Amino acid sequence: MPDGRKTVCVIGAGIVGVVTAALLQREGHDIVVVEPAGPGEGASFGNAGCLSASSVVPLSMPGTATGIARSIRDPMGPLAIRWRHLPNVAPWLVRFVRSGTYAKVREQARALRLLLAPSVVLYGSLLEEMGAGELLRSVGHLYVYRSEASWLKERLHWQLRRENGIAWDELDADALRQFDPKLSTEYVRGALLAANGHVTNPYRVVTAILAGILARGGRLVRGRAVGFDLEGTRLGAVRMEHGALSADAAVVTAGAWSRSLAAALGDRVPLESQRGYHLMLSDPEVSPRVPTNDAEGKFMVTPMELGLRAAGTVEFAGLRAPPNWDRAHVLMRQARRMLPGLRASYEAERITKWMGHRPSLPDSLPVIGRSRRTPDVVYAFGHGHVGLAAAPMTGRIVADLVGGKPPSVDISPFSASRFG
Ligand SMILES: Cc1cc2nc3c(=O)[nH]c(=O)nc-3n(C[C@H](O)[C@H](O)[C@H](O)COP(=O)(O)OP(=O)(O)OC[C@H]3O[C@@H](n4cnc5c(N)ncnc54)[C@H](O)[C@@H]3O)c2cc1C
């Protein structure tokens, strides 16, 4: 293209896909978004809505192996592995544990910070542009602990945050009561991260951005991408289940389903689903003042447009096994423990539950960068627990790569080739 304007096919309409598509469109490219299911109905539908610039702590930390051993025995714990899936996930778990050394988690935290730091600011301008600015809140997040021991156990987490320039206010039991009297008196420690933000409806964020892209001349094609037609090292077309779409460039943003598309270009990435659940309660009697994370339970309670959302925990069971809804109900019990003003039980019609697949690599970093076989296909998947927050910076990097410019940050930690 003489003027640099390209037809770019964005494969997958989750948050990473639509934000990337919007930023590519801003640069003047023609956009085709490909999606086989409902846009925004993958992992991006039901997350906790948090834009955590502070989520630099990788999932695998020193000592994680002990936690995994415990989790195999407790199917309702914060981290669960289904027995049947264990042989499939075992090699991934080995890599996961190996990536949790002191030296490696420091590097991972630095890389995550690059993606997360500008999240709230970048969403601010994008959502305003798409006429959905009301979905963004910048009121901070609260982390709460039930004992001094559990606070001390996460000393390294807070050290990683400090090393990456993240600031917080520490709250003792009295200060916590004053900040949010609705929280259980069980909590004795808290940390308030004022620079974090959240969105009040993650699904509507995806659909509003997509609607904006379509209003500006982008196209949505319903269907599944299955591979790529190359002419030498250049992209000719994206191969679909039925037919093909010619394109100058393509971006793989198919979340937990991206592995086969990368494999089609010679990149073998150990992508695994970390399944998470949410439970929503409409018209709750009480809500936390700001999104609140229970450190021991590994869940977040977020006040949202449609009610109170308790979301989190990790389950390894693959992409096909049916949900274990008991895990969602555990979240309700946990939310009630956090907020004793909630009732012991609710009518079924006030509760909705959901399960989604976090696209996860063992080192808690996504894959962002060009494919091995062609510079015209760029990867942007595997964002694990932070895909909502990291989408805008990911989109910026992709827009630079597609436009032939060097990205503004070092993207070597995100390379697909780090897995060999
Ligand atoms: C319980 C829970 C809580 C979370 N909380 C947070 C949070 O508070 N903050 C945060 O930042 N992150 C959070 N996350 C993580 C975040 O939701 C994910 O990282 C993010 O949604 C991933 O977005 P995605 O666009 O990569 O994937 P998805 O949203 O899954 O989108 C991928 C899309 O690709 C489509 N697709 C699949 N195969 C193909 C194909 N072959 N061709 C075309 N399209 C295809 C799918 O249908 C899907 O629509 C949470 C996740 C869970 C499960």
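1. Arg189 counts as buried, at 18% relative accessibility (buried means under 20% relative accessible area, exposed over 50%, partly exposed in between, with a 1.4 Å probe and protein chains only). Its salt-bridge partner is Glu170, with the closest N and O atoms 3.2 Å apart (a salt bridge is a side-chain nitrogen of Lys or Arg within 4 Å of a carboxyl oxygen of Asp or Glu). The pair links distant parts of the chain, Glu170 in strand β7 (residues 169-172) and Arg189 in strand β8 (residues 189-193), 19 residues apart. Glu170 counts as partly exposed, at 42% relative accessibility. Helices (H or I, at least four residues) and strands (E, at least two) are DSSP runs, numbered from the N terminus.

2. On the basis of these values: this is a predicted model, in which local features need pLDDT of at least 70 and side-chain atom pairs count only at pLDDT 80 or more, while totals for chains, interfaces and linings use all residues. Residues are numbered from 1 along each chain as its sequence is written, and side-chain values use heavy atoms, with hydrogens and water left out.

3. The structure holds 22 salt bridges. One of them joins Glu27 and Lys405, whose closest N and O atoms are 3.0 Å apart. Glu27 lies in the loop between α1 (15-26) and β2 (30-35) and Lys405 in the segment after α12 (387-402), so this pair ties together parts that are 378 residues apart in sequence. Glu27 is partly exposed, with a relative accessible area of 43%, and Lys405 is also partly exposed, at 38%.

4. Glu241 and Arg224 meet through their side chains in a salt bridge of 3.7 Å, N to O. Glu241 is in the loop between β12 (234-240) and β13 (244-246), and Arg224 in the loop between β10 (219-222) and β11 (225-231), so the bridge ties together parts 17 residues apart in sequence. Arg224 is partly exposed, with a relative accessible area of 42%. Elsewhere, salt bridges that share partners join Glu285, Arg343, Glu347 and Arg350 into one network.

5. An open sheet of six strands runs in the order β10-β2-β1-β14-β21-β20, with mixed pairing (two strands pair if DSSP finds at least two bridges between them). β10 and β20 are the edge strands, each pairing on one side only. The twist averages 20° from one strand to the next. β2 and β10 pair in the parallel sense over four bridges, and Val34 stands opposite Val221 in β10.

6. Helix α4 (residues 102-116) has 15 residues and reaches 21 Å from its first C-alpha to its last, close to the 21 Å expected at 1.5 Å a residue (the expected span is 1.5 Å times one less than the number of residues). Its buried residues include Val105, Leu112 and Leu116. What covers the buried residues of α4 includes α5 (119-129), α7 (155-163), β20 (367-370) and α12 (contact means heavy atoms within 4.5 Å).

7. The largest nonpolar core has 70 residues, of which Ile15, Leu24, Tyr123 and Ile209 touch the most other members (a nonpolar core is a set of buried Ala, Val, Leu, Ile, Met, Phe, Trp, Tyr and Cys residues joined through side-chain atoms within 4.5 Å). α12 gives the most to this core, with ten residues. Not counting residues up to four places away in sequence, Ile15 touches Ser44, Tyr123, Val205, Val206, Ile209, Gly387, Leu388 and Ala391. Apart from this core lies another, of 27 residues, among them Phe228, Ala262, Val377 and Ala416.

Technical notes:
Axes are lines fitted to C-alpha atoms, for helices over the stretch in contact, and angles run from 0 to 180 degrees between N-to-C directions.
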